[in-house]
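Subject: Structure handover

Hello,

Here is the structure you will be taking over. My notes on it follow below the entry.

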Amino acid sequence: MTAPAPAPAETGAVRAADRDTAAAESTKESAQESVQEGTRESANPLIATTAEGHHRILTGDRPTGPLHLGHYFGTLRNRVELQSRGLELMIVIPDYQAITDRDRADHPAEHAENLVLDYLAAGVDPERATIFTHSAVPALNQLMLPFLSLVSVAELSRNPTVKDEIAHSRQSAVSGLMFTYPVHQAADILFCKADLVPVGQDQLPHLEVTRTIARRFNDRYTALFPEPQALLSRAPLLLGTDGGKMSKSRGNAIALGADEDETARLLRGAVTDPDRHIDYDPVNRPGVSNLLLLTALCQDRDPRAVAEEIGNGGAALLKRTATEAVNEYLRPLRARRAELAADRTVLREVLRTGNARANAVADRTLGEVRAAMGTF
Ligand code: ATP
Ligand code: MG
């Protein structure tokens with residue numbers, strides 16, 4: 001199976017622990033911080049140094065819909081880049097997490113297969129990556145029990161991402177799973193002892209839960225787990241067409257697999273502002289700056305240079321520029337996606353193999369946890 005050429009290396013990715021990791025409480029603050037990331041010019045120190053030793057990367061996406069530009073520029077491009085440098089890549093498709101904010105998962109297996117389609121189209125090498133679903137790995141799920149004992153209810157209830165998700169939830173009552181899924185996520189990461197987690201900004205509070213659980217387990221029992229680091233990209237929080245975080249479940253996303261006309265239509269409807277002069281000002285002009293960042297990411301440029309080029313062209317020219325940039329950048333990925341979509345047995349096989357590999361890893365770790373705790 002030939003993967004497309006690796007995406008160009010992110011130029012601004014940063015290890016979250018190296019900067020202020022306090023997660024922004026409001027979407028506005030997060031969005032502003034996010035687009036500011038796009039101005040970072042430094043070479044990517046983390047990706048450069050991690051290539052030197054053995055690292056295991058774990059990351060994942062809920063099977064709630066197709067992957068979008070936020071996923072691609074937020075984490076997926078980094079995953080492909082790190083894998084192309086020889087790092088071991090695990091991708092969890094957390095199907096149990098699809099029921100954190102809704103009563104029933106809507107076609108989780110079909111969504112999971114479509115996620116595999118997006119991964120392969122984006123350049124993930126399925127021969128080397130382990131792509132698996134939660135529901136198929138019982139030993140991973142069992143880690144949730146001891147891990148729950150390592151965090152307090154107060155810690156769980158002040159998680160800002162959980163609060164934001166509750167605000168957008170489709171449920172009338174908040175379930176226990178909603179409060180505890182960051183612990184489940186700790187099990188996802190620690191079951192395979194991953195030490196590097198490419199994520200978007202919304203995941204930083206969850207990474208802190210994982211780090212806390214690893215530390216407390218190691219202190220209380222035996223040193224077993226690494227304290228994983230988050231890896232943020234230049235776009236840790238890409239905005240959707242409504243100005244909020246681009247999300248599969250919020251009707252504001254541009255899917256990687258969307259066609260060119262649909263991409264144009266969606267970007268035409270993106271929230272901007274009436275000022276005809278286009279400049280890069282993430283704090284005061286988040287909508288405009290988000291489109292500049294998106295264009296810059298596709299063209300491997302600085303968003304301020306894109307703004308200068310547009311000058312007084314207004315939001316309409318900015319949107320046309322962003323549309324052309326996105327469609328051109330994604331053309332090879334979309335062509336590959338269309339080819340791969342012709343044979344879904346390949347997608348199912350990738351999951352079958354990934355689930356078998358993940359089970360072997362989870363069984364081994366659960367054995368170590370039982371020995372450390374003195375249980376059977
Ligand atoms: P849902 O609406 O179902 O929660 P989502 O779009 O938020 O879907 P997730 O599956 O929850 O996607 O997130 C998968 C990964 O993608 C996480 O690491 C998350 O931080 C990252 N991510 C999601 N949306 C964005 C975004 N807009 N910008 C950057 N990264 C993102
Ligand atoms: Mg989400």
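Which residues touch the most other members of the largest nonpolar core? Some conventions come before the answer. This is a predicted model, in which local features need pLDDT of at least 70 and side-chain atom pairs count only at pLDDT 80 or more, while totals for chains, interfaces and linings use all residues. Residues are numbered from 1 along each chain as its sequence is written, chains are lettered from A and ligands numbered from 1 in the order in which they are written, and side-chain values use heavy atoms, with hydrogens and water left out.

Nonpolar cores

The residues in question are Leu69, Phe73, Tyr119, Val124, Ile131 and Leu292, in a core of 57 residues. A nonpolar core here is a set of buried Ala, Val, Leu, Ile, Met, Phe, Trp, Tyr and Cys residues joined through side-chain atoms within 4.5 Å. Buried means under 20% relative accessible area, exposed means over 50%, and partly exposed lies in between (1.4 Å probe, protein chains only). At least two residues of this core come from each of H3, E3, H4, helix H11 (260–268), helix H12 (286–299), helix H13 (303–310), helix H14 (314–340) and H15. Helices (H or I, at least four residues) and strands (E, at least two) are DSSP runs, numbered from the N terminus. There is also a second, separate core of 37 residues, with Ala139, Val183, Phe191 and Leu224 among them.

Strands E2 and E3

E2 is largely enclosed by the rest of the structure, because four of its five residues are buried. E2 and E3 run parallel and are joined by five bridges; two strands pair if DSSP finds at least two bridges between them. Going from E2 to E3, the chain passes through H3, and this β-α-β crossover is right-handed. That term applies if, with the strands pointing away from the viewer, the path from the first strand over the helix to the second runs clockwise.

Threonine 59 belongs to strand E2 and stands opposite isoleucine 91 in E3. Its relative accessibility is 4%, so threonine 59 counts as buried. Not counting residues up to four places away in sequence, threonine 59 touches Arg79, Met90, Ile91, Val92, Pro198 and Val199 (contact means heavy atoms within 4.5 Å).

Salt bridges

How many salt bridges does a search of the whole structure find? The search finds 23, a salt bridge being a side-chain nitrogen of Lys or Arg within 4 Å of a carboxyl oxygen of Asp or Glu. One of them pairs aspartate 101 with arginine 62, with 3.0 Å between the closest N and O atoms. Aspartate 101 is in the loop between strand E3 (88–93) and helix H4 (108–122), and arginine 62 is in the loop between strand E2 (56–60) and helix H3 (69–84), so the pair ties together parts that are 39 residues apart in sequence. Aspartate 101 and arginine 62 are both buried.

Arginine 62 is also among the contacts of glutamine 97, which include His134, Tyr181, Gln185 and Asp188 when neighbours within four places in sequence are left aside. Glutamine 97 lies in the loop between E3 and H4 and is buried, with a relative accessible area of 5%.

Other salt bridges:

- Aspartate 279 and arginine 285 have their closest N and O atoms 2.7 Å apart. Aspartate 279 is partly exposed at 30% relative accessibility, whereas arginine 285 is buried at 7%.
- Glutamate 349 and arginine 352 meet at 2.9 Å, N to O. Both lie in helix H15 (residues 344–373), three residues apart, about one turn of the helix. Glutamate 349 is partly exposed at 37% and arginine 352 is exposed at 53%.
- Glu208, Arg211, Arg215 and Glu227 are linked in a network.

Around H8

The buried residues of H8 are Pro160, Thr161, Val162 and Glu165, and their cover includes H9 and helix H10 (204–220). At the start of H8, a side-chain oxygen of asparagine 159 comes to within 3.0 Å of the backbone nitrogen of threonine 161.

Histidine 168 sits in the loop between helix H8 (160–167) and helix H9 (176–190) and is partly exposed, at 42% relative accessible area. The C-alpha atoms of histidine 168 and arginine 250 are 8.1 Å apart, although 82 residues separate the two along the chain. Their side chains are joined by a polar contact of 3.5 Å. A polar contact is a pair of N or O atoms within 3.5 Å; within protein, one must be able to donate a hydrogen and the other to accept it, and residues adjacent in sequence count only if both atoms are side-chain atoms.

Regards
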